[in-house]
Amino acid sequence: MAAAWSGPVLAVTRSGRWREGPVPPHVEVLGLDIGDDALDPGPLRTASALVLCVAPGRTQDRRALYVDGTRRLLHRIGAGRLERLVWVGSTSALPDRDAWLDERCSIEPSTERGIVQRQAEHVIVEHAQQHGIPWLVLRLGGLYGPGRGVGRIYRRRHDGPLPGDGMAPTNLIHRDDAVAAVRAALQAPPTQQGVVHVVDDDHTPRRSMYAKIAALEGRAPVPWADPVPPGTAPHGKRVSNRRLKHWLGVRLQVPLHRLEPEPEPLP
């Protein structure tokens, strides 16, 4: 994401390391742990825009990181020189309902992950409104792209049939379109504030995804616990991307799922 921006960027990671090859000349990398009680945001206090994209480790407590850590960082930055605050979250902030869901949906999620996402969003909005900072919350669907193909997301991980009937819709976004959404959010006028769902146009049911990937990789079809009678319609959460297109003006580069074989592991 930092590499895709043309101007000077301060990229923050917990380790202070850049893991995507050589560091681009316009990027400076800073080590910062928002879970540290002694956190000092340092040069972030002079940033004109802040994009928060939190990635928990396998053993980290999500609430402590997403909610408490985000609150700690923003509290110590204060108003700073910020002209835009962008939170990169997840569509897990939406409830699990059999319906089309857009940004007007106010129903709270019931899962722990979704509840934490909503709480983190509240921290962002509260801080932005308190200091008069234009804000945008981007709720990303399942992220895929180079190094994280669709086949890796929908991989059969155990023997036996998969639970359910597999007719739940997919809500994914390609990495390049996710980056385009962040760029559009940073370039949006100050009057644009709110939540934007970042998903592609393709809501193919999971059952079809597993079948296509199996055929692509030359494997037998994946069995499901529940049969699907002919004519069964998809059922489950379908996330709308209308605001992404018509509000932020993002033109999707990969509107439909791009299925590619996963590379063979190195010997």
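Colleague: In what order do the four strands of the open sheet run?

Modeller: This is a predicted model, so local features need pLDDT of at least 70, side-chain atom pairs count only at pLDDT 80 or more, and totals for chains, interfaces and linings use all residues. Residues are numbered from 1 along each chain as its sequence is written, and side-chain values use heavy atoms, with hydrogens and water left out. Strands (E, at least two residues) and helices (H or I, at least four) are DSSP runs numbered from the N terminus, and two strands pair if DSSP finds at least two bridges between them. The pairing here is parallel, and the order is E3-E4-E6-E9.

Colleague: Which strands stand at the edges?

Modeller: An edge strand here has a single partner strand, so one side is left without a neighbour in the sheet. That describes E3 (49-52) and E9 (194-198).

Colleague: Which residue of E4 is the bridge partner of Val51?

Modeller: E3 and E4 (residues 84-90) run parallel, joined by four bridges. In E4, the partner of Val51 is Val86.

Colleague: At what angle does H2 run to E4?

Modeller: Axes are lines fitted to C-alpha atoms, for helices over the stretch in contact (heavy atoms within 4.5 Å). Angles run from 0 to 180 degrees between N-to-C directions. Helix H2 (residues 112-131) lies across E3, E4 and E6 (135-140), and its angle to E4 is about 175°.

Colleague: How are H1 and H2 oriented, roughly parallel or roughly antiparallel?

Modeller: The axes of H1 (residues 62-77) and H2 come within 9 Å and cross at roughly 5°. Angles under 35 degrees count as roughly parallel, over 145 as roughly antiparallel, 65 to 115 as roughly perpendicular and the rest as oblique. So H1 is roughly parallel to H2.

Colleague: What type of aromatic pair do Tyr66 and Trp87 form?

Modeller: Rings of Phe, Tyr and Trp (its six-membered ring) pair if their centres lie within 6.5 Å; planes under 30 degrees apart count as stacked, over 60 as edge-to-face and the rest as tilted. Tyr66 in H1 and Trp87 in E4 are 21 residues apart. Their centres lie 6.2 Å apart, with 70° between the planes, and the pair is edge-to-face.

Colleague: Is Trp87 buried or exposed?

Modeller: Buried means under 20% relative accessible area, exposed over 50%, partly exposed in between (1.4 Å probe, protein chains only). Trp87 has 0% relative accessibility, so Trp87 counts as buried.
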